[in-house]
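Please look at the sequence and the model first, then read the notes below.

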Amino acid sequence: MIARRIAMAVVVLGLIAVPYAIGEVYYVNIASQILLYAIFALGLNILVGYAGLVSLGHAGLFGVASYVVASALAAGYGHAVAILAALVFGLLFTAGFAALALRATGIGFIMITLALGEILWGLAYRWISLTNGDNGVNVSTRPMPFGIALTSANAFYDMTLIVFLFAVAACAIFVRSPFGAALCGTRDQPRRMNALGYHVWMIRFGAFMFSGLLTAVAGILFVYYNKFISPQTLALTASAEALLMVISGGAGTLLGPIVGAMLVVIVKNVVSGVHLGGTGVPVYIVNGLFQHWNFLLGLIFVLIVVFMPEGLVPGTVRLTRAAWRMSGPKKAAPATAATAAPAVERKP
């Protein structure tokens, strides 16, 4: 327990020191992206990892919160009102999502969330009077919590880190609570949980609402980070990327979605800009591989599924334990009848 707390303190201190260690504004912004997408992935992980419900429409909920903030600010409201409205509308849309999607499980649930996400994307694309269509909605300013301006990359990272730590703590409390245990029960044995007197639908609905809350928080951070929101944010590819973060890192773990978000954001923004030469392969092939990050990310995902089907975090733990057992001292084989010492006969 003490070692775990020390490790957590070291990780938090390391996250605090990230912008000062990096120095370059571009990479500090990448770190902010990793944190806000990690919150998004943590919200989706509540459904995928702990409820066993795969959603392909969470980008719609993500985009609703972003559009509410941008529209409220464009209408002249303050940041506090815009953020509160985004949380309220995000939860309202989440409740509607859950009421419709939870009518089915498995493939049916996936298809309903996919359809709902596409409906929201279509509204954002076609409702030009509200969303401004492809031109999107611009956000000119950022909030000033406690009088601290978030205009610089370091200040915005620090604020995002605080929200991220609260989100991780909330997820940890949620997962370790009796409600979280009941949610895992509905994932593994829904019929038995129903026979024991648990309301399976209400438990899943509560998990969906908590997932939607985290998703709305991530959407608010996203629109303040980019100072812009467009229908592309609600597209199916955005939902697929979030699902990829959860599955690649390790669904049903707290650290997995964070590692998955780091992987996707780095491949998408950093590795895609790498230009390599002198590798023995024609330069245009190598550079093209890295520039087309979708292909590279898909290749990485296939490798993860083949060699670590449980995800990067659980897979790394499994391989580390296996290597530790192999490198440790071998236990002596138990003595058999053939190798055992002969019994000494007692004289009368």
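**Briefing on the predicted model**

The side chains of Glu241 and Lys268 make a polar contact at 3.2 Å. The model is predicted, and the protein in it has 15 helices and two strands.

**Glu241**

- Glu241 is part of helix H11, which covers residues 236-249.
- With a relative accessible area of 15%, Glu241 counts as buried, because the cut-off for buried is under 20%.
- The partner of its side chain in the polar contact is the side chain of Lys268.

**Tyr27**

- Helix H2, made of residues 25-51, contains Tyr27.
- Leaving aside residues up to four places away in sequence, Tyr27 touches Ile22 and Val270.
- Tyr27 and Ala153 are 126 residues apart in sequence, while their C-alpha atoms are 9.4 Å apart in space.

- Phe307 belongs to helix H14, which spans residues 293-307.
- The relative accessibility of Phe307 is 57%, so Phe307 counts as exposed, the cut-off being over 50%.
- Phe307 is one of the residues of a nonpolar patch on the surface, together with Phe295, Leu299, Val302, Leu303 and Val306.
- The residues of this patch have about 610 Å² of accessible area together.

**The protein overall**

- The protein has 348 residues, of which 42% count as buried.
- Among contacts with a separation of 6 or more, 73% are between residues 24 or more positions apart.

**Confidence in the model**

- The average pLDDT of the protein is 86, and 88% of the residues score at least 70.
- Over residues 277-290, pLDDT stays under 50.
- For residues 277-290, the model has 15 contacts beyond four places in sequence.

Note on methods: Residues numbered from 1 in each chain as written. Predicted model: local features only at pLDDT ≥ 70, side-chain atom pairs only at ≥ 80, totals over all residues. Heavy atoms only, no water. Helix = DSSP H or I, 4+ residues; strand = E, 2+ residues; numbered from the N terminus. Buried < 20%, exposed > 50% of the residue type's maximum accessible area, 1.4 Å probe, protein only. Contact = heavy atoms within 4.5 Å. Patch = residues over 30% accessible without salt bridge, like charges linked within 9 Å, V, L, I, M, F, W, Y side chains within 5 Å. Areas by Shrake-Rupley, 256 points an atom, 1.4 Å probe, with all protein chains shown as cover. Salt bridge = Lys/Arg side-chain N within 4 Å of Asp/Glu carboxyl O. Polar contact = N/O pair within 3.5 Å; in protein donor to acceptor, adjacent residues only side chain to side chain. pLDDT = per-residue confidence, 0-100.
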